[in-house]
Amino acid sequence: MELMEAIRARRSYRGPFAPTPIPREDLRELLEAGALAPSGCNLQTTRLIGVDDPALVKKLAEIYGKSWALTAPAAILLVTRETPSPSGVSYHVHDYSAAAENILLAIAAKGYASVWIEGQIRGGPDREMGRLLGVPDDMTVAVYLPVGIPAGETPAAKKQPFGERAWFNGYGK
């Protein structure tokens with residue numbers, strides 16, 4: 001799939017998945033897409049965990065607590081820690097955000113579906129997921145991505161018209 005086609009095809013999918021396993025090589029490529037994302041000051045603060053063990057995938061979905069996630073055949077977790085750059089600013093949120101978007105585009109390009117889950121796992125589920133997967137205590141599971149082939153429709157979100165969000169040579173022009 002061509003890049004702009006993948007960007008236009010990407011959807012946030014919160015529905016049941018087909019019971020088709022994700023080949024390990026595909027999961028590896030999704031992780032590679034995340035690892036190749038840009039990183040503030042090249043600190044590369046994001047770590048990636050691909051999960052294709054059915055028992056672990058199910059346990060992650062149980063921790064998350066949404067029944068549709070139980071049908072996912074795989075998951076990807078993005079793990080980070082606040083890491084000051086030489087100027088004292090941490091770019092860890094930017095880093096995992098860039099990695100997540102790369103992964104989501106790769107997911108779309110391969111014909112799979114997912115949704116970026118972040119805020120719903122903060123404050124407890126993130127730590128439980130981390131413990132399950134052996135994440136060091138000084139790191140945080142920032143993003144959980146259930147991955148699979150969608151078993152249902154993946155309707156597009158209604159987007160504001162391009163001309164209301166993007167301009168040339170000045171705001172609103």
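If we take the contacts in this protein between residues at least 6 apart in sequence, 79% of them join residues at least 24 apart, and please keep in mind throughout that what we have here is a predicted model.

The secondary structure comes to 5 helices and 3 strands, and if you read along the sequence you will find them in the pattern α-α-β-α-β-α-α-β. The radius of gyration is 17 Å, close to the 16 Å that the globule rule gives for 173 residues, so the protein is as compact as a globular protein of that length. Taken along the principal axes, the C-alpha atoms fill a box of roughly 55 × 45 × 30 Å, and of the 173 residues, 40% count as buried.

Let me turn to the interior. In soluble globular proteins, nonpolar side chains tend to be buried together. Here the largest nonpolar core has 23 residues, and those with the most contacts inside it are Tyr64, Leu77, Met129 and Tyr144. The elements that contribute two or more residues to this core are α3, which spans 54-64, β2, which spans 74-80, and β3, with the largest share, 5 residues, coming from α3.

Which residues does Tyr144 touch, once we leave aside its neighbours within four places in sequence? The contacts of Tyr144 include Leu60, Ala61 and Tyr64, then Ala75, Ile76 and Leu77, and also Val115, Trp116, Ile117 and Met129. There is also a second, separate core of 22 residues, with Ala37, Tyr96, Ala100 and Ile107 among them.

Now to the pockets. The largest has a volume of about 220 Å³, and its lining divides into 4 nonpolar, 1 polar and 5 charged residues. Among the residues that line this largest pocket are Ile7, Arg8, Arg10, Arg11 and Ser12, together with Glu101, and then Pro155, Ala156, Ala157 and Lys159.

The second largest pocket has a volume of about 170 Å³, and its lining includes Asp126, Arg127, Gly130 and Arg131, as well as Val135, Pro136, Asp137, Met139, Thr140 and Val141. By residue type, the lining of the second largest pocket divides into 4 nonpolar, 2 polar and 4 charged.

Terms used:
Residues numbered from 1 in each chain as written. Predicted model: local features only at pLDDT ≥ 70, side-chain atom pairs only at ≥ 80, totals over all residues. Heavy atoms only, no water. 1 Å grid on protein atoms, 1.4 Å probe; cavity = no way out; pocket = protein on both sides within 12 Å on 5 of 7 lines; lining within 4 Å. Points joined across faces, edges and corners; volume = space filled by probe spheres on them. Nonpolar A, V, L, I, M, F, W, Y, C, P; charged D, E, K, R; others polar. Core = buried A, V, L, I, M, F, W, Y, C linked by side-chain atoms within 4.5 Å. Buried < 20%, exposed > 50% of the residue type's maximum accessible area, 1.4 Å probe, protein only. Helix = DSSP H or I, 4+ residues; strand = E, 2+ residues; numbered from the N terminus. Contact = heavy atoms within 4.5 Å. Rg over C-alpha atoms; globule rule 2.2 N^0.38 Å.
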